Amino acid sequence: MHEKLLRLKHLDESVTPAQYQLMHNKWDNELGDFMASAEDQCTKFKSSLIEYSPTVGVFIKRRSILKWILRWYDGKVPDVRNLLRAAKRNNVENPLTTSREDIEARLVACIGHLMELKKIAPELRRKHLLSCLIEARKRGDDTAVAEILRIRRKECDRKRQLAIDKVVKPGQGRMVMAVQVSEGGELTTYDTHDDIVRVVSSRIGERYKLGHRSPLSAGRLLEEIGQFAEKEAAARILDGTYEFPEGTDCVLIELLQEAARLRVEFEGTGMDDSRLSVEDFIDFWKSAREKTSSSDSGRHFGHYIAASDDPELAVFHVESMNIAAKYGLPLDRWKSALTVLLEKVMGNQLIEKLRAICLLEADFN
């Protein structure tokens, strides 16, 4: 994989941009497969929706085994030996001879029993930790005693903080399940997927076009500078030699003159090297929040935070980004984004009161 990246990095100039982009995207897709596979095999944190105790653990394991059997019915379990051993240890009878409908019924019953246990799970958890503490003291295991006390104190502090936050912090907006639009003085509610996408696409799209109101987006100034500032007038503005057309907005003139001044001020400071270093990558991701939402492709912040712990893994991402910057050809997944709607005020579903955020790929952002 690393040798393939090095070959991609030192492509011969005879390779066309289209061929380069095809090779880079193919390599990036393979890297994404490795990242997804690594995540599947790594240790997951428990959700803690139900506080653990041996009683709860029995039904959690049974639920897992019943789902495992359903995967076997779908043809996704080629070797059943581990499944049979797990079923025997947890008293799941006739795992492979029971009909699929019966397995599904047993799974529903198991989940229902877990929901009932959820009500008394805190008390069961307290008794479980107390019994573990008593046993550890009887054995004279001071290390186990200290660890159990630490767990009890941590869980107690967490519950207390959750109770405080529930009272002190304002309610947070939830996922948008419907939107309301004012049409002819009346509110119309859209709650189906197709209607929400259609209404949001038209209304939210207008927000992203507000920049077209700028004087820089129309008239003679746009013709001389170009949509991407690719014409000669853009260079003359930065040199301070451009003569603005008569009637140009005075605030716009001051803004562009300030851009020219900043160019002169920072010229020659050695900040023009656009290459990203491994150290920059590690410093950035070490301080990133793993829960930050991003990446429609599934490559979330956690992947890059994990890579920042190993310089050899960080090299893959750094070199890939530097290659894209060098050739000026972004990866295909960088060209797509996900727009998410959030409620500014909890319960208010007016389209004008919804916050729209655009989630880009984590490494592109």
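Predicted model: local features only at pLDDT ≥ 70, side-chain atom pairs only at ≥ 80, totals over all residues.
Side chains of opposite charge can pair when their charged atoms come close.

D195 has a relative accessibility of 26% and therefore counts as partly exposed. R198, at 48% relative accessibility, also counts as partly exposed.

## A buried salt bridge and its network

A salt bridge also joins D363 and R333, where the closest N and O atoms are 2.6 Å apart. This pair links distant parts of the chain: D363 belongs to the segment after β4 (354-359), R333 to the loop between α13 and β3 (338-343), and the two are 30 residues apart. Through salt bridges that share partners, D28, R299, R333, E361 and D363 are joined into one network.

Both ends of the pair are covered. The relative accessible area of D363 is 13%, so D363 is buried. R333 is buried as well, because its relative accessible area is 12%. The cut-off for buried is under 20% relative accessible area.

## Other charged pairs

The count of salt bridges comes to 21. One of them is formed by D79 and R81, with the closest N and O atoms 2.7 Å apart. D79 counts as partly exposed because its relative accessibility is 37%. R81, at 55% relative accessibility, counts as exposed.

The buried residues in α4 are L83, A86 and A87. Seen down the axis of α4, these buried residues fall within an arc of 100°, so they line one face of the helix. What do the buried residues of α4 pack against? Their partner is α3 (54-73).

N90 is found in the loop between α4 (81-89) and α5 (100-139). Is N90 buried or exposed? N90 counts as buried because its relative accessibility is 16%. When neighbours within four places in sequence are left aside, N90 is in contact with K61, R62 and I65. Just after α4, N91 takes a positive phi of about 60°.

## Nonpolar cores

The largest nonpolar core has 19 residues, and F281, W285 and Y304 are those with the most contacts inside it. At least two residues of this core come from each of α2 (17-41), α11 (278-286), α12 (301-307) and α13 (311-327). The helix that gives the most is α13, with five residues.

## Helix α2 and H303

A36 has its place in helix α2. At 36% relative accessibility, A36 counts as partly exposed. Which distance separates the C-alpha atoms of A36 and H303? They are separated by 8.9 Å, although A36 and H303 are 267 residues apart along the chain.

## A nonpolar patch on the surface

I164, V167 and V168 make a nonpolar surface patch of about 310 Å². Of these residues, V167 has its place in helix α6 (residues 142-168). V167 has a relative accessibility of 70% and so counts as exposed; the cut-off for exposed is over 50%.

Notes:
Residues numbered from 1 in each chain as written. Heavy atoms only, no water. Helix = DSSP H or I, 4+ residues; strand = E, 2+ residues; numbered from the N terminus. Buried < 20%, exposed > 50% of the residue type's maximum accessible area, 1.4 Å probe, protein only. Contact = heavy atoms within 4.5 Å. Arc of directions from axis to C-beta. Core = buried A, V, L, I, M, F, W, Y, C linked by side-chain atoms within 4.5 Å. Patch = residues over 30% accessible without salt bridge, like charges linked within 9 Å, V, L, I, M, F, W, Y side chains within 5 Å. Areas by Shrake-Rupley, 256 points an atom, 1.4 Å probe, with all protein chains shown as cover. Salt bridge = Lys/Arg side-chain N within 4 Å of Asp/Glu carboxyl O.
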